[in-house]
Amino acid sequence: MAISIIGTPQVANANNGGNATITWSTRPSTGDYTVVVIGSPSAGAAIGTMVTAGYNLLTGSHTGAAAANPSLAIFWKKQGATTDTTAIGTSGNGADTDSSLIGFVLRGVDPDTFSDATPTTAGESTSTNPDPASITVATAGACVIVAACMTVVMDSAITDPSGYTGFSRLGDDTYDHTL
């Protein structure tokens, strides 16, 4: 079975350090995976967290080294018998920083291995075009998630990498960002 996105990917924002809530457009089924990407400026070098229980942090998430540098975290959850209708996350930062979330429901992902690729990151640079190392999965049906967060510039004209579908969200607080 091919991996497919169920329903419409959802976006949410919360200003001033608040929690952002995603409401799934189509309720996940048992065995579906929900994925939430949290981005924010990294005031205080915090990394985003999920308020909704049961989410796993994909290793290799990135936190910036200075107040205006981006923080990016990717979380996943395999849905059980009682599936979630919402996902709540926060940047974990202060009152002058917002949280942006992008979430989607995946069906057809390997039931035992969400992702087995070695996570890669590309840290701060002067470019708006992050270029991490190649990504390879070992398990058929494992998932690849590519995410980027940039600060200082709010850019709604993001070009998707070849073969990928892109979604973006702008954060507008004391420190701006694009997820």
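A strand here is a DSSP run of E, at least two residues long, numbered from the N terminus. With that in place, S100 is found in strand β8, and I will come back to that residue at the end. One caution before the rest: this is a predicted model.

Start with the chain overall. Of its 179 residues, 39% count as buried. The chain exposes about 8700 Å², and carbon and sulfur atoms supply 51% of that area. Now the contacts. Taking those with a separation of 6 or more, 75% are between residues 24 or more positions apart.

Three strands form an open sheet in the order β2-β7-β4, and the pairing is antiparallel. Which strands stand at the edges? They are β2, residues 20-23, and β4, residues 49-50; each has a single partner strand, so one side of each is left without a neighbour in the sheet. If you want a place to look, T23 stands opposite T86 in β7.

Now the nonpolar cores. The largest one has 15 residues, and those with the most contacts inside it are I22, W24, V36, M50, Y55 and A87. Two or more residues each come from β1 (4-14), β2, β3 (33-41), β6 (70-78) and β8 (99-107). The most come from β1, which gives three residues. In general, nonpolar side chains in soluble globular proteins tend to be buried together.

Leaving out residues up to four places away in sequence, Y55 touches W24, T34, V36, M50, F75, W76, K77, Q79, D84 and A87. Apart from this core lies another, of 13 residues, including I74, I102, F104 and V109.

Back to S100. Is S100 buried or exposed? The cut-off for buried is under 20% relative accessible area, and S100 has 0% relative accessibility, so S100 counts as buried. What does its side chain meet there? The side chains of S100 and N13 are joined by a polar contact of 3.2 Å.

Note on methods: Residues numbered from 1 in each chain as written. Predicted model: local features only at pLDDT ≥ 70, side-chain atom pairs only at ≥ 80, totals over all residues. Heavy atoms only, no water. Buried < 20%, exposed > 50% of the residue type's maximum accessible area, 1.4 Å probe, protein only. Contact = heavy atoms within 4.5 Å. Areas by Shrake-Rupley, 256 points an atom, 1.4 Å probe, with all protein chains shown as cover. Pairing = 2+ DSSP bridges. Helix = DSSP H or I, 4+ residues; strand = E, 2+ residues; numbered from the N terminus. Core = buried A, V, L, I, M, F, W, Y, C linked by side-chain atoms within 4.5 Å. Polar contact = N/O pair within 3.5 Å; in protein donor to acceptor, adjacent residues only side chain to side chain.
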